[in-house]
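This report describes the packing and strand arrangement of the structure shown below.

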Amino acid sequence: MKKTTLGLILFLFLIHSASGQQAEQPLTNLTQEQVIEIAKEYAVKEGQNLSHYQKISAVYDKDERTWDVSFMMDPLPPGGWFDVIVDDKTGKVLNFWPGE
């Protein structure tokens, strides 16, 4: 699956989940705030200028036990996003997907 398609799917999922009822929070090792800080630090090391990204969200995947932290520009131009995948147990970044 292309990264752009994956990003679009994630974006639509986030919009849909934000409009629904609040789900019960799964038990995690890291808090949402902690994982966002980890992702921000990593993104800066990768050369990202965080002031360009107005929307930041973190979604926990209970099956994979990972966090997907998404950074998006507003409005969202092509390539105006990137994702950082963080392992919940170790706090290590597993993947970095720059927008295309």
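In this predicted model, one aromatic cluster is formed by Y42, Y53, F71, F82 and F96. The structure holds five aromatic pairs. Two of them are set out in the table.

| Pair | Distance between ring centres | Angle between planes | Class |
|---|---|---|---|
| Y60 and W67 | 5.2 Å | 55° | tilted |
| F71 and F82 | 4.4 Å | 10° | stacked |

The planes of F71 and F82 lie at 10°, so this pair counts as stacked. F71 belongs to strand 2 and F82 to strand 3, so their pairing ties together parts that are 11 residues apart in sequence. Both F71 and F82 are buried. Y60 and W67 are likewise buried, but their planes stand at 55°, so the pair is tilted.

F82 also has contacts beyond its ring partner. Leaving aside residues up to four places away in sequence, F82 touches A43, Q48, L50, Y53, V69, S70, F71, F96, W97, P98 and G99.

In soluble globular proteins, nonpolar side chains tend to be buried together. The largest nonpolar core here has 15 residues, of which V35, W67, V69, F71, F82 and V84 touch the most other members. At least two residues of this core come from each of helix 2 (32-45), strand 1, strand 2 and strand 3. With four residues, helix 2 gives the most to this core.

Four strands form an open sheet in the order 1-2-3-4, with antiparallel pairing. Strand 1 and strand 4 are the edge strands, each pairing on one side only. On average, neighbouring strands of this sheet are turned by 15° against each other, direction ignored. Helix 2 packs on the sheet and touches strand 1, strand 2, strand 3 and strand 4. The direction of helix 2 makes about 60° with that of strand 2.

Strand 2 and strand 3 run antiparallel and are joined by seven bridges. Within this pairing, W67 has V86 as its bridge partner in strand 3, and V69 has V84. Strand 3 also pairs with strand 4 (residues 93-98) in the antiparallel sense, over five bridges.

How many residues of strand 3 are buried? Seven of the seven are, so strand 3 is largely enclosed by the rest of the structure. In a regular strand the side chains alternate between the two faces of the sheet. In strand 3, W81, D83, I85 and D87 point one way, while F82, V84 and V86 point the other way, and all are buried.

**Turns and loops**

Strand 3 and strand 4 form a hairpin with five residues between them, and G91 in its turn has a positive phi of about 75°. R65 has a positive phi of about 60° although it is not a glycine. R65 lies in the loop between strand 1 (55-61) and strand 2. Is R65 buried or exposed? The relative accessible area of R65 is 54%, above the 50% cut-off, so R65 is exposed.

The loop between strand 2 (66-72) and strand 3 (81-87) contains P75. A cis peptide bond, with omega of about 5°, joins D74 and P75.

Definitions and conventions:
Residues numbered from 1 in each chain as written. Predicted model: local features only at pLDDT ≥ 70, side-chain atom pairs only at ≥ 80, totals over all residues. Heavy atoms only, no water. Buried < 20%, exposed > 50% of the residue type's maximum accessible area, 1.4 Å probe, protein only. Phe/Tyr/Trp six-rings, centres within 6.5 Å; stacked < 30°, edge-to-face > 60°. Core = buried A, V, L, I, M, F, W, Y, C linked by side-chain atoms within 4.5 Å. Contact = heavy atoms within 4.5 Å. Pairing = 2+ DSSP bridges. Axes fitted to C-alpha atoms, helices over the stretch in contact; angles between N-to-C directions.
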